[in-house]
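Thanks for coming. Please look at the sequence and structure first.

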Amino acid sequence: MNETIEMMCTRHAIRRFQTRQIDEAALEQILRAGLYAPSAGNNQYSRIVVCQDREINDRLGRINRWMMFKGKDPQAVAHAVSAEQPSIQDDFTLMSGYYNAPTVLTIFTKNHKYAREDAAMIAENILLAAHFLGLSACYVGRTDEVFATEYGHEMRKKWGVPDDMAAVCNVLLGYRDGPEPHGKPRREGRILRV
Ligand SMILES: Cc1cc2nc3c(=O)[nH]c(=O)nc-3n(C[C@H](O)[C@H](O)[C@H](O)COP(=O)(O)O)c2cc1C
């Protein structure tokens, strides 16, 4: 197997992070990988906001968790995601949907037909680049709902995100705390050779 492809197959969503901040040179490479993701018609509309302010990340992460359950009993809403790297759906004592990651990226794109695809392309490049460099990452959703709140609007304004941009997704970055997970086997029958 090609080494790069082998690396792609050993990337895992990581939710248990060390408290130390990530290396700046690594972050720059990861962001560069994000910028080189494809975009529909080469629009390059997206903006990647890098937030390393723990207080802001904690508050946004708590809002993110709220958006998952919205006051409902988590037991009734949640489904199992990962035993080795528990998500807020596995461990109801986790209070932040950002899992205390030291760096939180928010990917914004101009609202257009391919906005979500453009953002997801960036996110995947970032997830892989982080893994290649020995860092850990996790894709997080509900970002549109988080940034539709009053506090979300306040942060958008503070960060200078243009009004015509939609918040599509988050990527959490940090160093893994604890052992590497075994990874989740991929289901059979998902490729149809025709
Ligand atoms: C569109 C999308 C949304 C996701 N949202 C979340 C999320 O909100 N919170 C979270 O902890 N993980 C989230 N994940 C990560 C998935 O749970 C994870 O990729 C999946 O369980 C497979 O595990 P693996 O990435 O380790 O292979 C999301 C992944 C994708 C692609």
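Start with Ala137. Leaving out residues up to four places away in sequence, Ala137 touches Ile14, Ile126, Leu127, Ala130, His131, Val171, Leu172 and Leu173; contact here is C-beta atoms, placed from the backbone, within 7 Å.

A note on the source: this is a predicted model, where local features need pLDDT of at least 70, side-chain atom pairs count only at pLDDT 80 or more, and totals for chains, interfaces and linings use all residues. Numbering runs from 1 along each chain as its sequence is written.

Ala137 is among the residues with the most contacts inside the largest nonpolar core, together with Ile126, Val171, Leu172 and Leu173. That core has 35 residues. A nonpolar core means buried Ala, Val, Leu, Ile, Met, Phe, Trp, Tyr and Cys residues joined through C-beta atoms within 7 Å. Buried means 20 or more other C-beta atoms within 10 Å of the residue's own, and exposed means 12 or fewer. Helix H5 gives the core its largest share, eight residues.

Now helix H2, residues 24-35. Helices are DSSP runs of H or I, at least four residues, and strands are runs of E, at least two, numbered from the N terminus. Which residues of H2 are buried? Leu27, Ile30 and Gly34 are.

Conventions. The expected span of a helix is 1.5 Å times one less than its number of residues. Two residues are in contact if their C-beta atoms, placed from the backbone, lie within 7 Å.
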